Amino acid sequence: MSYTLPLTQFTAFVKSQANTPFLHQPIDRQLMVFTWADVDDAARRMAASLIQMGLNKGDRVGILSKNCAHWFISDLAIMMAGLVSVPIYPTAGRETIKFVIQQSECKVIFVGKLDDLAEADAGIEAHVERIVFPYPSVQGQHQWDELIKANPLEKIHQADINETFSLCYTSGSTGNPKGVVLTNGNVAAAASAYVDLMETNTQDITMSYLPLAHITERTLIEILSYYSGNKIYFVESLDTFIEDVKVAQPTSFLSVPRLWNKFQIEILSKIPDKKLQFLLKIPLIGKLVAKKIRKGLGLDNATKFGSGSAPISPGILEWFDRIGIPISEGWGMTETSGLACSNMPYDAALLGSIGKACECVEMKIGDNQEILIRGPAVFKEYYQRPDATAESFTDGWFHTGDMGTVTKDGVYQIIGRLKEQFKTGKGKYVVPAVIETLLSHSKNIEQVCVMGQGRKQPIAVIVLSQPNATQSANMTEKLNKILFRVNSRLENHQKLDHLIVLKEEWTINNGLLTPTMKIKRNEIEKKYS
């Protein structure tokens, strides 16, 4: 099947809606608006500068920045110049930055909005030329505002469907990240499927705030906008997040379980859940209360909601549904160009599942209940890792490492990771994700990790939604009830010996969460074993 490639799609919208606002970037609380023509002109000028710097077709160019309009423009400039982008997570430490730059052989890197400039400074070696975005950032050889003065590149690169589009590095939850080689055909297949799945068009408004170095944000937000022509809004900072969402008034809103949990806690800090649930059941009053909550989050115009990157409790999904925020779950990997399976459009009957395979892939269950996947959106190879590539494929099917089940209607459910299984001292295997999902049904538990390699019985370390409640007798009683309820649903070898309450929250900064807010199981086990 043939696909229209991202740059071709982008150029078509530049022609059809040149003066329509596209990117909306808040800077010092003023909204800077870029039309499609503005973005095209800036990208062509930057592409010309990249070529003038001596870069040749296929050379790698890094992007290290939080989300902003200049991230999109840089990515387009790299495409226009026939180069290969290498996104790096803005929260990456110096060793990860150094590893990705060295392994991908980056010659130039765009550097922009960052919270920790010292890590970026230390991670980018002297021989790599820096282009600095027009925000407070690191020192560099080239300033964005100077390079953008170049004459626009008239003839942009026309990519082949099999050409490398980007080297996207995995989030590295179990060691050094791997460079996933994605072709233009891979991302084109994915984005083409997403337009139909999400029914996105030129009237839609989307927020871009999850890391663009993550493939889902890249394809489902950035690349999708080139196929649908929708408007994109960015946030200025974490402190202005809700305010920026209210300004944008998005029609669709995607997030991760960790942030949906935060939203729930924020709402419940203003109204007790018991009172809220009572009010929601009252005709008319319930609708008004739900609308007020959505308005307070800036989501009163949104009709499509999504969650991905990690499992989310069905209890939380049901809770949000009651306030008019029906969240669809999705599943995918860097290796599948992002979203590969989804229960969108929303169906309450599919809560707890990841729905059906997207049009760009086909899926099946293999040995050990492992999900296997193939199709035009599935990656080509791991960069300079032929060993890892060979191990990951069997007869064209990619081994995802995720365990799952599928119904006769093709609805999939994730039940854990093959590599995360552990054997107790009794010689029995335990899949921690199953138990963690049961525990996360409780609104009192915000983070959880089940461990127990070699122990008589598994244990769970948890972080409470309200850390100050740790010492109260009331909380102890609640946790005992949770422990009893969860154990009553488990087989004997799975039953938890203890819930161990931790005082320290798991964050990206303390190295216990990946940049996409998945738990770093190895690090947590090492720290608390």
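Does Glu436 count as buried or exposed, and what is the relative accessibility behind that assignment? At 10% relative accessibility, Glu436 counts as buried, the class being defined by a relative accessible area under 20%, with exposed over 50% and partly exposed in between (1.4 Å probe, protein chains only).The model is predicted; local features require pLDDT of at least 70, side-chain atom pairs count only at pLDDT 80 or more, and totals for chains, interfaces and linings use all residues. Residues are numbered from 1 along each chain as its sequence is written, and side-chain values use heavy atoms, with hydrogens and water left out.

The side chain of Glu436 meets that of Arg521 in a salt bridge (2.7 Å, N to O), a term for a side-chain nitrogen of Lys or Arg within 4 Å of a carboxyl oxygen of Asp or Glu. This pair links distant parts of the chain, 85 residues apart: Arg521 belongs to helix 17 (residues 521-528) and Glu436 to helix 15 (residues 432-439). Helices are DSSP runs (H or I, at least four residues), numbered from the N terminus. Arg521 is also buried, its relative accessible area being 9%.

In total, the structure holds 29 salt bridges. Salt bridges with shared partners join Arg29, Glu236, Glu243 and Asp244 into one network. Another salt bridge is formed by the side chains of Glu146 and Lys149 (3.2 Å, N to O); Lys149, at 57% relative accessibility, counts as exposed.

Because Arg44 and Asp40 lie four residues apart in helix 2, about one helical turn separates them. Both Arg44 and Asp40 are buried.

Helix 2 (residues 36-52) packs against helix 3 (residues 69-80) at an angle of about 55°, and their axes are 8 Å apart. Axes are lines fitted to C-alpha atoms, for helices over the stretch in contact, and angles run from 0 to 180 degrees between N-to-C directions. Helix 2 is therefore oblique to helix 3, since angles under 35 degrees count as roughly parallel, over 145 as roughly antiparallel, 65 to 115 as roughly perpendicular and the rest as oblique. The crossing of the two helices is right-handed, that is, the near helix is turned clockwise from the far one by less than a right angle.

On the helix 2 side, Val39, Asp40, Ala42, Ala43, Arg44, Met46, Ala47 and Leu50 meet Ile73, Leu76, Ala77, Ile78 and Met80 of helix 3, contact being defined as heavy atoms within 4.5 Å. The residues of this contact comprise eleven nonpolar, no polar and two charged.

Terms used:
Ala, Val, Leu, Ile, Met, Phe, Trp, Tyr, Cys and Pro count as nonpolar, Asp, Glu, Lys and Arg as charged, and the others, Gly among them, as polar.
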